[in-house]
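Please open the model in your viewer and keep the selection tool at hand. The stops below go from one group of side chains to another.

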Amino acid sequence: MSLPSHASVVIVGGGVAGCSVAYHLTRLGVTDVVLLERKQLTCGTTWHAAGLVGQLRATRNLTELAKYTADLFHALESETGQATGFRQNGSISVAKTPERLEELKRGASMGKNFGLAIELLSAAEIHERWPLLEVGDLLGGVFLPKDGQTNPVDTTLALIKGARQRGARVFENTAVSRILIERGRAVGVETVDGAVRADTVVLCGGMWSHRLAADAGAAVPLHAAEHFYIVTEPIAGIQPNLPVLRVQDECAYYKEDAGKLLMGCFEPIAKPWGMEGIPEDFCFDSLPEDPEHFEPILEAAVRRVPALATAGIQLFFNGPESFTPDDRYYLGETPEVRDLFVAAGFNSVGIAASGGVGKVVAQWIVDRRPPLDLCDVDVRRVMPFQSNRRYLRDRTVETLGLLYAMHWPYYQYTTARNARRTPLHDRLIAAGACMGETAGWERPNWFAAPGSSPRYAYSYGRQNWFEACRAECHAVRDRVALFDQSSFAKFLVQGPDAATLLNRLSTAQIDVPPGRIIYTQWLNDRGGIEADLTITRICGHEYLVVTSAISQTRDLAWLRRHIASDGELRCWVTDVTAGIAMLGVMGPDSRSLLEAVSGADLSNAAHPFGCSREIEIGYARVRASRITYVGELGWELYMSAEHCLDVYERLLEAGEAFGLRHAGYHAMASCRIEKGYRHWSHDIADEDTPLESGLGFTVAWDKTGGFIGREALLAQRDRGILPKRLVQVMLLEDAPSTPLLYHEEPIVRDGLIVGSIKSGAYGHRLGKSLGMGYVSCPEGVSREWLRAGHWEVEVACERHPAEVRLEPWYDPKNERIKA
């Protein structure tokens, strides 16, 4: 079979991800598919994967993808005739510490949200299901009966057989040297045997994906790391239906393998591999053994499974697997290059993810939009700097081990830090800041009291910064606080058609007088929220768009693509994030402080809420925008980065008389939860509409020209009911032991789960544990329905009484922000 000159879709890479994409494309009727593999199918990482098929993931949609994978594997053999070796023998995760047991119980509650069967086990019950295990020091565990294991090579061959049966063509020993780009679009690939033109290119190249993407001008940051496991000689009496076992406190997993035992690990300090490139002839290769590196894991394993002490080791294996900077894989169309899709960077969960990944990527290609909310794994979350090879190498030392480390709330990476710093970085450190990282930015999360250490002591309860955060929140409420918000992404949209573009994208009316600040959403055609941001009209043809740090790449791409899609628009966008610093001055004394340093009249009459104008502070011209994300009177100050230190010093000097205090992002999160302010990717995303999320007040239904998503919103409005709505949740208990809400805790009405928490925090101004989440009722979520129910939130398998309502808990009439 000769290489064709053209195909509808070209897939680069013949591992389990690429073969799954091909399988699902052909199931959707896209049969003109060409898959190109540099050597042989599965020869990179897939062939040596452990083949674990777990289903519980961090979000509902990712769990649904994993559940679909298990269902697919169960049916593949009967469909294709190719055996897969798939078995649903379940999995057990065990806990040695109270903290790990709480993590497992929180996961069990979350799994109930997703419809997973999960059982809590005592140590004795664990031993019954896993007789080889030493359980004397275990506190308990969880059992997921629908988890299992599969043979990675056979499963991949079944997928590609199904694709071939429907017309896909596969070419092995056909290395892709580069992706062909024309006018910002992927139009094919160059191979050792010639070029293949294509309407869509899908990069499923595993650890080769970073280089191929970079050569095409796209960022797909991933790095290989060495992954170790052993396979024993046959062990007498081992049960063939033994569940997969995870002892995360010892970094180890175990699975039965044809009467033998496979034991692998995710050690806390990993060994990155391939920094200088991957050998051209790499094919079913293993890496050199490193017994010294593996020895601490093996010693613990022998104590945990005493049979290992007398079992011979048949195989000591070391092979490379790809890891990403945040331990989440990449899916979707790249923001830099149209028609270039990616499915790569699977962080050792590629087998378990592969079925669902192939399904959603195929649908994404056909529809040119994600079929469900996938923001956690969307490649548009990537920051360009993350493709730096040294950054990737340094971060990979940590990310492999994080798979089995405690998944603490507010965990901060310890590697590859200080990549992006604001002008105030060193000053904030000197003021006691404990820095966290978001999108590579070093940001002050909280400020330690004099004499204390600005370091985290993690837990699921009140962490060591709880009191410091309380003091910051009280300063916001009672006096005035200073936030460094320079990491927020900022774009200038300029040109005669800037208003036309932004009005088309935005739910709100953007054609407003200069100096007005507009809070708005950008929607997709289905009415789902693609972005949540503010837009300030600077002058007639110039707007400043401000969005969250994590949305920088995504929102910039959204802007640029809509400019490009209308070739007649006379406007352009410039990312000015690095050049414009931003300080938040928030609290009832913010007006007095800013008037003192600027001499400007900032009264309600002169500077009402939602307005922006230039003032002078020190030697700088500063744009003062009266808006808030903490629910108090306040201003966001924008200035050229070189003036930031001057403005900061003037504020500190004058602020002494007003009790000015530094405040961090944990305080901001606490305040915004109290006020019911949404956060994109947590509380709202592309499956949630403004009506469902309580943001209908932003919608200018009748503005000239409408906006993207208007028709879908009108249809939803005209139906008269909302079966799903965002609500505010307060736990009624008030004690130090009251649990904190974080993410996906089930919301229970009259004994039945009807929704889940999307984000939560302790509200220090109110003294309550709070959250926001969605609840559902087929007949419509109304105030009457909310009032009529008995509400609870389940945390770590225990239910706690709660109050639920639509309005924010703090200042629901906005009297404080408009004071």
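Begin by selecting R765 and Y810: R765 lies over the face of Y810, 3.8 Å from the ring centre, where a charge counts as over a ring if NZ of Lys or CZ of Arg is within 6 Å of the ring centre and within 35 degrees of the ring normal. Select R129 and F143 next, and you will find R129 over the face of F143, at 4.3 Å from the ring centre.

This is a predicted model, in which local features need pLDDT of at least 70 and side-chain atom pairs count only at pLDDT 80 or more, while totals for chains, interfaces and linings use all residues. Residues are numbered from 1 along each chain as its sequence is written, and side-chain values use heavy atoms, with hydrogens and water left out.

Turn now to the aromatic rings, for a search of the whole structure finds 28 aromatic pairs (rings of Phe, Tyr and Trp, the last by its six-membered ring, with centres within 6.5 Å; planes under 30 degrees apart are stacked, over 60 edge-to-face and the rest tilted). Select Y229 and F317, a stacked pair at 5.0 Å centre to centre with 25 degrees between the planes. Both Y229 and F317 are buried, that is, under 20% relative accessible area with a 1.4 Å probe and protein chains only, where exposed means over 50% and partly exposed in between.

Move on to Y253 and Y404, whose ring centres are 6.5 Å apart and whose planes stand at 85 degrees, so the pair is edge-to-face. Y253 and Y404 are both buried.

Finally, select W408, Y410, Y411, Y413, W446, Y456, Y458, Y460, W465 and Y742, which ring pairs link into a cluster.
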